[in-house]
Structures are given as C-alpha cells and as structure tokens.
Amino acid sequence: MSVDALPASTPTRLLIGGEWISTAAGLNVINPASYGTLAQIGDAGVPEALQAVDAAAEAFQTWSVTPARMRAEILRNAFDLMSANIEDCARLIALENGKAWRDAMGEAVYAAEFFRWFSEEAARIEGGFRYAPARDKTIITDHRPMGVAYMITPWNFPAAMITRKLAPALAAGCTAVVKPPAETPLTALWIGEILQQAGAPAGVVNIVTTSRSGPISEAILADPRVATLSFTGSTYVGKLLLKQTAERVLPSSMELGGNAPFLVLEGANVDAAVSGAMIAKMRNGGAACTAANRFYVHESISTEFADKFEAALRGLRIGPGIDQANDLGAMVNDKERDKILELIGEAAAEGATITEAGTAPATGAFVVPHVVRGIEHGSVLTRNEVFGPVAPIVTVASTDEAVRMANDTEYGLMSYVYAQDAGEGIKVARRLESGMVAINRGIASDPAAPFGGMKESGLGREGGFAGIHEFLETQYFAVDL
Ligand code: NAD
C-alpha cells in the first residue's frame with residue numbers, strides 16, 4: 001500500500017437518502033504532509049443540499065417513532081463497526097488532517113465512544129410527572145425529537161466533531177444533514193458508510209461535502225423543515241450563523257473557539273505540570289479548541305517549568321502523521337501554518353524571546369514547537385487562539401494574578417490548573433470563567449462529560465447527559481387526573 005493510500009472502503013460521493021450521489025464538479029482533498037492529492041470528492045451546491053433536507057425530512061417521519069431500543073442498537077452497531085475498523089479511521093484522519101498517528105488513533109477511539117455512550121442514552125430519555133403546587137392539575141413533561149438537524153463541523157477533529165453531534169441526534173430520534181469541512185471530508189464520508197452498514201435507514205444521515213459552505217448553509221437554515229443547527233468551529237463563523245438562525249428563531253448549539261489558560265500555581269509539582277502541558281499543548285499539534293494557549297506560571301517555578309517544557313518539546317519527532325514514529329504531524333494546510341508563523345512574528349516584534357524546539361521536514365505544512373518567554377499578559381499570543389505548537393509563558397506573582405489574567409478574555413471554553421493538591425485546584429477552578437477545567441491533568445474531554453463553553457466559546461453542551469437534550473424539545477401537558 002502506498003503511503004497515501006486510502007482505506008478501500010472510503011466513499012468519495014455525497015450521501016443523500018441512502019445513496020452515494022455524484023456531482024458535476026469535484027473537490028480535491030490534499031495531504032498537508034506531502035501536498036499529494038488524496039481523492040477527488042463531490043462538491044455539493046444548493047440543489048444537492050436541499051435534496052439532503054428532503055431526504056432527512058422524509059426519514060424523520062419514521063425514525064422519530066422508531067423504538068428507542070432499535071435506535072440504540074443501530075448506534076451500538078456503529079460503535080462496534082467503527083471499533084473493528086479503527087485503524088482505517090485513524091489513517092484517514094492522519095492523511096487528510098495531518099495530525100500525528102497517536103493523536104489520530106486517540107481521536108478515532110474518542111469518536112467511536114460517542115456512538116456507544118449515546119446508544120446507552122437513547123433508551124433512557126426521561127419524562128416527568130408531578131402535581132402542580134396548587135394541586136389543581138398534574139404536570140406531565142415529555143421530550144420529543146426536534147426534527148431535521150443541520151450540523152457543521154471543523155477540520156481539527158474530523159471524526160469526533162461529527163460523532164459528538166450525530167450520535168445524540170440519532171439517539172434522540174432526529175435525522176441529520178452533515179456539512180463537514182472541505183479540508184477533511186473523507187473521514188466524515190467514512191463515518192456515513194459505517195452508519196449505513198450499522199443499519200441507519202436511508203435519509204437518517206445525509207452528508208454534503210462542499211466548497212460552498214456559505215450559500216449551502218444559508219439555503220438549509222432558511223428551510224422551514226430544518227429544526228436545529230449544531231455548529232462547531234470558530235467564534236467568527238458561529239456569530240455569522242447565529243445572525244442567520246435568529247431569522248427563524250432556530251435553536252443553535254454552538255461549540256466555538258477557545259483561549260485556554262494553563263495555570264501552574266505556587267507549590268505545584270513542576271514535572272507533573274510539564275507532563276500535563278505536553279498533552280494540553282501538543283495534542284493535535286496545538287490545533288484543538290481546548291489547547292492550552294497561554295501559560296501563567298508562578299515566579300518561584302517559572303524558569304524550571306519553561307526549561308523542562310522546552311526540553312520535553314525538543315524530544316518530539318516531527319514528520320508526517322501517517323508514520324507512527326512521529327509525535328508531531330503537519331498543520332492542516334499552508335494557510336493555517338502561515339497564520340501561526342505570522343503570530344509568532346508579531347510576538348517577536350513585541351520583543352518576546354522565542355526558541356524553536358526542533359526541526360521540521362522541508363516539505364509539508366509543518367511548524368516546529370516554539371517556546372516563548374519574556375512576554376506579558378496582553379501580548380498578541382495571549383489574546384489570539386494560536387491553534388499551533390506555540391507555548392507563551394507568562395510569569396505571575398500570585399494565584400489572584402493568574403486567575404485575573406486567565407479570565408481576561410472573551411473566550412471561556414477550557415482551563416487547566418496545576419495546584420499543590422486537588423482541593424486547592426477545585427477552589428481556583430470555581431473562580432475560572434470556563435465551561436471546563438482540568439485539575440492536575442492535561443486533558444478533560446470524555447463522551448460521558450458535558451463539553452462546552454461559557455462567554456463567546458459557545459452555547460449548549462455536547463456529550464454527557466446534556467448532549468441529547470440539544471436535539472430534544474420539551475413539551476408539557478396540563479392534565480386533570
Ligand atoms: P471555521 O469556523 O472556519 O469552520 C468551521 C466550519 O464552518 C467548517 O465546516 C466550514 O466549512 C464552515 N463554514 C465556514 N464559513 C461558513 C459560513 N459562512 N457559513 C456556514 N459554514 C461555514 O473553523 P475551523 O477553522 O474549521 O476550525 C477551527 C475553529 O473551530 C477554532 O476556532 C476552534 O477553537 C473551533 N473548535 C471548537 C470546538 C469546540 O468544541 N468548542 C471544537 C473544535 C474546534
């Protein structure tokens with residue numbers, strides 16, 4: 001098998017109404033580690049997008065009343081099938097996104113777990129019964145599937161951002177139109193094929209790959225048969241979409257950008273903090289909404305932390321993600337790489353001390369890890385979501401100062417705290433304005449936990465017990481019994 005070969009079962013056409021549909025024009029998918037073309041896929045326009053809505057609306061009539069047990073079993077089949085073919089999924093992620101093999105495998109496993117978790121949740125959707133306080137009636141609450149869900153996903157987690165939406169939507173009884181990013185559509189189509197094999201009826205899942213996200217989304221969101229939008233991506237595009245969904249007062253789940261602070265407090269174990277920082281910063285080469293974007297380290301340990309972190313970064317092997325020996329893969333494309341390099345350039349112009357920890361291959365969209373010292377809170381790197389392997393380290397004099405700086409952002413997705421013990425960590429976590437806080441560890445994501453942000457990082461929660469409610473409408477019946 002050539003290095004760039006796709007798994008044999010990778011579809012390249014649109015999935016609409018249970019059929020794989022060709023389009024007149026095609027869209028090239030590029031491997032960012034070699035710039036080779038991986039495949040040419042379908043490029044949907046507005047007609048195909050609306051065809052997908054037709055299929056989803058029709059399938060909703062039966063899927064919404066299919067017994068939850070049956071929906072659960074199809075999702076469980078999807079988990080089993082995905083798990084049995086997990087290396088194919090990881091291969092596609094590594095090839096089209098560029099990330100390191102370990103990250104690709106980690107994502108594939110995490111993505112499959114959403115099918116398992118929501119297969120379990122499908123059969124446990126609760127209603128309620130109680131007497132009104134005046135006892136003049138009873139209050140019965142029911143949850144019913146919203147209808148056709150439109151899903152827009154980003155390129156940084158080509159599999160997990162799809163299953164984190166599709167699994168709860170299908171569990172709830174909704175049908176879906178999915179629009180993956182043009183950079184990483186193959187993994188999405190592969191998941192579509194898994195769901196077909198798992199027994200999802202025609203039209204329950206439709207996937208439209210496209211180079212025309214804007215016009216397609218406008219048409220889909222204006223269609224009265226579409227009941228909800230679930231978006232993961234940048235805050236900028238999230239705000240554009242919220243303006244559109246406001247027109248129809250459409251429920252909108254928004255998983256947006258982040259600017260995660262990583263606090264290392266006085267008395268924290270420096271070696272543990274460095275191990276956590278390697279995960280929080282370097283998973284996905286820094287291209288994660290939860291990635292530690294700025295480090296606030298107590299002055300008593302900041303030099304030791306920076307030295308040890310830099311040494312650990314120097315130990316990483318950089319190269320194509322598909323080669324399992326590499327620890328850090330390519331960025332998704334040259335545009336993303338150049339954005340990161342530009343921010344590093346601006347930090348240098350501000351007078352920061354920047355060290356390159358390693359060397360990158362000559363070809364491909366690679367960025368070597370950078371450690372940035374001698375910067376203040378408020379510098380360009382602490383204000384912007386860098387989305388790459390860049391670690392700006394700010395020295396702080398106290399916990400209060402670290403908390404103040406951590407909260408000084410419009411984002412509120414993720415924070416990390418390394419403290420002397422868990423008790424102190426939780427106390428500080430309660431003061432942080434973020435939807436998630438990892439305490440004395442470098443990762444928090446778990447399909448069984450509620451994922452989501454405060455402030456401009458989003459609306460709603462995915463995963464956990466909350467995730468399915470993004471796709472359910474609450475209805476109340478007033479009854480005299
Ligand atoms: P992006 O906002 O550029 O794109 C996200 C998706 O929106 C893609 O499918 C894209 O094609 C589509 N899109 C772009 N313009 C559109 C438009 N006008 N109308 C409709 N759709 C449009 O984001 P990205 O660069 O793909 O991903 C990186 C961003 O995603 C980062 O900001 C990251 O923090 C965020 N993200 C957030 C989470 C989370 O759970 N909070 C998870 C992963 C990524």
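**Note on the predicted model**

1. The centres of domain 1 and domain 2, taken over C-alpha atoms, are separated by 30 Å. Domain 1 covers 14-256 + 457-479 and domain 2 covers 260-446; these bounds come from an automatic or database domain assignment. The contact (heavy atoms within 4.5 Å) takes 26 residues from domain 1 and 34 residues from domain 2.

2. On the basis of the values: this is a predicted model, in which local features need pLDDT of at least 70 and side-chain atom pairs count only at pLDDT 80 or more, while totals for chains, interfaces and linings use all residues. Residues are numbered from 1 along each chain as its sequence is written, and side-chain values use heavy atoms, with hydrogens and water left out.

3. About 2,300 Å² is buried between domain 1 and domain 2, and carbon and sulfur atoms give 56% of that area. Buried area is the accessible area (1.4 Å probe) that two parts lose on being put together, summed over both. In domain 1, the residues that lose the most area to domain 2 are Tyr-35, Trp-155 and Ser-457, together 23% of what that side buries.

4. The rule finds one salt bridge across the interface of domain 1 and domain 2, a salt bridge being a side-chain nitrogen of Lys or Arg within 4 Å of a carboxyl oxygen of Asp or Glu. Across this interface there are also 12 residue pairs in polar contact, both residues at pLDDT 80 or more. A polar contact is a pair of N or O atoms within 3.5 Å; within protein, one must be able to donate a hydrogen and the other to accept it, and residues adjacent in sequence count only if both atoms are side-chain atoms.

5. Which residues come nearest to the ligand? Of the 27 residues around the ligand (a heavy atom within 4 Å), these are Thr-153, Arg-164, Ser-234, Leu-256 and Glu-385. A polar backbone atom of Thr-153 lies 2.6 Å from an oxygen atom of the ligand, and a polar backbone atom of Leu-256 lies 2.7 Å from a nitrogen atom of the ligand. For Glu-385, an N or O atom in the side chain is 2.5 Å from a ligand oxygen atom.

6. By the salt-bridge rule, the count comes to 23. One of them joins the side chains of Glu-456 and Lys-239 at 2.9 Å, N to O. Glu-456 lies in the loop between strand 18 (436-439) and strand 19 (458-459) and Lys-239 in helix 8 (residues 235-247), so the pair ties together parts 217 residues apart in sequence. Helices (H or I, at least four residues) and strands (E, at least two) are DSSP runs, numbered from the N terminus.
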